[in-house]
Amino acid sequence: MKIVWTFTLGIAAAAVVLTAAPSFAHHSFAAEFDASKCRDFSGTLTKVEWTNPHGFFFVDVKDTNGTVNNWSFQTYALITLRRAGTSLQLFKDNIGKEVWVRGCEAKNGRPHYAAAGSLKFASDGVLRQMGQLQD
Amino acid sequence: MTRRFHLGVACAAATALVSIQYASPQAQGARYSITVMPPGGPAPRLPDGHIDLSGHWLPNSAGQGVSGRDGVDPAARRQFDPKVTPEAEPSFQPWAAEKIKNMTPVELELAKSSVNCMPRGLPAIWLQNPYSTVIVHTPVMMAQLYEVLNNWRLVYTDGRPAPKDPEPWVHGTSTTHWEGDTLVVNSFGFDERTYVMPTGWFHSDVMKVTERYTRPSKNYLIVQITVDDPKVLTRPWTSAPRRWTLGNGEVYEFYCTNNKELDELGKLKEQESYGK
């Protein structure tokens, strides 16, 4: 029974690795962002920069002391967002509304600057991929 | 006779390459919403009878974007299956291997065109480009329009000779010939500031690149690259035959106008220097 479980877990792990493997390791997440400083953020979407090579969106996030900081989150290049069905209009429609973000902080210590892995607008609850939080 | 036989074998192999990877949507199962593209019938031909390479080509086996999307068959994400067509590691000259080994993670990152917004150049445009390429092919010219950085390249197929003293260009200077249904493009005279791969693999001024283009069926473009660079490599390196699939979606603008990474990585590089 144990062997069957080990085998099944092994297959599952291999499947995850194969599925997660990017087509191109053209960009290193680990060089710029800290995988040990990833967390969930909730707040209000304030702005979007629809630019290349990366897009950025900004969120007012209240910390544990009640202080509100404006965080910026880096996304994929716009082409990737567009092909995955995420548009500028979607961000515009959600300015001033609640969002949830999974992101990782910058390695260089710049405050309130992070890479976004996924994003959920409270308005539709759909989880959207914004970037890769691993190499 | 021998040449015809070789061409026949090459065509059969290219067709097999595609058909091996493709399984019907039913066979791929309902668990994936994005699957491997079917071959799509015979490749179109130019008025002169050669294969027409025109199309909007995506660097995967799906014929649509796969990055940042769920429900993608892993086989549809790939340009080649390393189990079927393994790709050897480049064999570097000792000094080149040492140079690459000594690069820090930040230096490696700053050298990437995806980070520094330099043009990919040849051959990287076919080896490390996650975005689409539009090819407009006529009997006398192949125009390659790269989505990344809104970049482009013209490859003349009218048999004109290469200039004797070409300027160093990121895409080099090219001559072409057909070997059956394969368009062979030989290029030299490269700008040394580009990288072959995002692993620190740099090249020298004597690099020569051979591109071999085939279109075994309507939906598939196969591009195979050989890099011959005796200053940097101990022997030529040849890529796996990489698949590009025909898309019909939009081509997007991509000007690099808001690059914050140079500043962010520059700060990290300073921190690395203090640590030494």
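How many bridges join strand E4 (residues 98-106) of chain A to E5(A)? The number is 7, and the two strands run antiparallel.

The model is predicted: local features need pLDDT of at least 70, side-chain atom pairs count only at pLDDT 80 or more, and totals for chains, interfaces and linings use all residues. Residues are numbered from 1 along each chain as its sequence is written, while chains are lettered from A and ligands numbered from 1 in the order in which they are written.

View 1. Chain A has 4 helices and 6 strands (DSSP runs numbered from the N terminus, helices being H or I of at least four residues and strands E of at least two). Two strands count as paired if DSSP finds at least two bridges between them. E5(A) (residues 113-121) pairs with E3(A) (residues 68-74) in the parallel sense over 3 bridges, and Phe73(A) stands opposite Ala114(A). On the antiparallel E4(A), Val99(A) has Phe121(A) in E5(A) as its bridge partner. E6(A) (residues 127-129) is joined to E5(A) by 3 antiparallel bridges, with Ser118(A) opposite Gln129(A).

**View 2. Two hairpin turns in chain A.** Between E4(A) and E5(A) there are 6 residues, and Gly109(A) in this turn has a positive phi of about 85 degrees. The hairpin of E5(A) and E6(A) has 5 residues between its strands; here Gly125(A) has a positive phi of about 70 degrees.

**View 3. The largest nonpolar core.** Such a core is a set of buried Ala, Val, Leu, Ile, Met, Phe, Trp, Tyr and Cys residues joined through C-beta atoms within 7 Å. A residue is buried if 20 or more other C-beta atoms, placed from the backbone, lie within 10 Å of its own. The largest core has 59 residues, and those with the most contacts inside it include Phe73(A), Ala114(A) and Val223(B). Strand E8 of chain B (residues 220-228) gives the largest share, 6 residues. Leaving aside residues up to four places away in sequence, Phe73(A) touches, among others, Phe56(A), Val101(A) and Ala116(A) (contact: C-beta atoms, placed from the backbone, within 7 Å).

**View 4. The contact between chains A and B.** Chain B contributes 38 residues and chain A 28 residues. On the chain B side, the largest share, 6 residues, comes from H8(B). By class this side has 16 nonpolar, 13 polar and 9 charged residues; Ala, Val, Leu, Ile, Met, Phe, Trp, Tyr, Cys and Pro count as nonpolar, Asp, Glu, Lys and Arg as charged, and the others, Gly among them, as polar.

How values were computed
A residue is buried if 20 or more other C-beta atoms lie within 10 Å of its own, exposed if 12 or fewer, and partly exposed in between; C-beta atoms are placed from the backbone. Two residues are in contact if their C-beta atoms, placed from the backbone, lie within 7 Å.
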